[in-house]
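Subject: Structure handover

Hello,

Here is the structure I promised to pass on. Please open it first, then read the notes below.

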Amino acid sequence: MAQYTILDDAGIQDILILYGIEKIQSYEVLSGGLANTNYLVQTEQHPLVLTICEQKTHEEAKRLGVLLEYLKQNKFSTSKLVKASNGALTVAWQDKPVLLKEFIVGDIVQDLSKSRLIYLGRELAKLHRIEAPDYVAQDLSFGMGYFDEVQAYASESSFYKWLKHTQEYIENYITVDLPKSLIHSDIFYDNIIISKESKHPIIMDFEEACYYYRIFDIGMMLIGVCRDDKIINLTKVSHLIAGYEKEMKLLDIEKKALKAFTVYAATATGFWRHYNFNYVNIIPDKKGHYLEMKLLADSLINMDDGDFDKAINGQSNYL
């Protein structure tokens, strides 16, 4: 991650004093996403994560803070926000919004065990049962409605042609009766922390949360934690879906569409990477980063429907 905001001792202290924190022991930059600068701050009581939002407006940052509080009220385990001394969920530093969260001590694990995949499936279903608040986005910020933005910089490219062709495949499975819910929309393994305290996986980073098809979220989790390189691992898929259905049964129309929505998740992620790294925020060594998702989407399309159906329906050879 490029560090956009550089803080020294005085800057860190100027921010933390707004939270009534007068003494710190140490601080360091954390790796993270492209949109934020994150500092791990060790106080006398406990470690905290100070997040400076580089691309969000103050209103957008406040909505994220309100959502984290809402998830806490609904007993969903994720990052816990620290309020400022005046009760505010965000503060400002050099006109940029800032959030302070409790640091969860744990590890990022790419290859998750059966028990952890089942647990994650249950957690995702619990999230989908929470009523979507009206302040979250009503559409996916990198969904099919935005694919045509590639025309601005690569209208004749093979990638754009592939994108539109794959979109046609996905659209065949979108129906008006597919359920929508509050979704995370970006659950890759690096947005999951295995807590050292509870030993359980915790879903983090609700930056892209919205009200959208809940099977898109499942598809995103499948490509995020149930693949081996560019191939979906159907055994892992079975474990995750088994966990999900312990909390919420998938409808038949969802099961029929899930493979296509897993393709959708890979395609949308590939679009985001292509658009951002080749146009919005050009990073030469990441220009081809989208190819991983393109190859994954293609392998899913070519996968036998019967094999995928067996995995999500709990067939014994996948459990």
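One definition to begin with: a residue is buried under 20% relative accessible area, exposed over 50%, and partly exposed in between (1.4 Å probe, protein chains only). By that rule Asp148 is partly exposed, at 36% relative accessibility.

Two notes on the source. This is a predicted model, in which local features need pLDDT of at least 70 and side-chain atom pairs count only at pLDDT 80 or more, while totals for chains, interfaces and linings use all residues. Residues are numbered from 1 along each chain as its sequence is written, and side-chain values use heavy atoms, with hydrogens and water left out.

The whole chain

The protein chain has ten helices and twelve strands. Helices (H or I, at least four residues) and strands (E, at least two) are DSSP runs, numbered from the N terminus. The radius of gyration is 20 Å, close to the 20 Å that the globule rule gives for 319 residues, so the chain is as compact as a globular protein of that length. That radius is taken over C-alpha atoms, and the globule rule is 2.2 Å times the number of residues to the power 0.38. Along the principal axes, the C-alpha atoms fill a box of roughly 60 × 45 × 35 Å.

Of the 319 residues, 50% count as buried. The accessible surface comes to about 15,000 Å², and 47% of it belongs to carbon and sulfur atoms. Accessible areas come from the Shrake-Rupley method with a 1.4 Å probe; for residues, only the protein chains shown count as cover.

Contact means heavy atoms within 4.5 Å. Take the contacts between residues at least 6 apart in sequence: 72% of them join residues at least 24 apart.

Now the charges. Lys and Arg count as positive and Asp and Glu as negative; His and the chain ends are not counted. Each charge is placed at NZ of Lys, CZ of Arg, CG of Asp or CD of Glu. The chain holds 34 positive and 44 negative charges, and their mean positions are 5 Å apart.

Aromatic pairs

Rings of Phe, Tyr and Trp (its six-membered ring) pair if their centres lie within 6.5 Å; planes under 30 degrees apart count as stacked, over 60 as edge-to-face and the rest as tilted. The count by this rule is 18 aromatic pairs.

One of them joins Tyr153 and Tyr279: their ring centres are 4.6 Å apart and their planes lie at 10°, so the pair is stacked. Tyr153 lies in helix H4 (residues 151-154) and Tyr279 in helix H8 (residues 252-280), so the pair ties together parts that are 126 residues apart in sequence. Tyr153 is partly exposed, at 22% relative accessible area. Tyr279 is partly exposed too, at 39%.

Phe271 and Tyr275 make another pair: with centres 5.7 Å apart and planes at 25°, the rings are stacked. These two residues are four apart in helix H8, a separation of about one helical turn. Phe271 is buried, with a relative accessible area of 3%. Tyr275 counts as buried at 19%.

There is also an aromatic cluster, formed by Phe142, Tyr212, Tyr213, Phe216, Phe261 and Tyr264.

Single residues

What does Thr262 touch, not counting residues up to four places away in sequence? The list is Gly219, Leu222, Ile223, Leu300 and Phe308. Thr262 sits in helix H8. Its relative accessible area is 1%, and it is buried.

Back to Asp148. It lies in the loop between helix H3 (114-129) and H4. Neighbours within four places aside, Asp148 is in contact with Tyr160 and Lys164. Asp148 and Phe271 are 123 residues apart along the chain, and their C-alpha atoms are separated by 10.0 Å.

Lys114 is in helix H3 and counts as partly exposed, at 46% relative accessibility. Lys114 and Tyr146 are 32 residues apart along the chain, with 35 Å between their C-alpha atoms.

Last, the backbone. Lys75 is not a glycine, yet its phi is positive, near 60°. It belongs to the loop between helix H2 (58-73) and strand S4 (91-93), and it is exposed at 76% relative accessibility. Asp229, not a glycine either, has a positive phi of about 60°. Its place is the loop between strand S11 (227-228) and strand S12 (231-232). Asp229 is exposed, with a relative accessible area of 52%.

Best wishes
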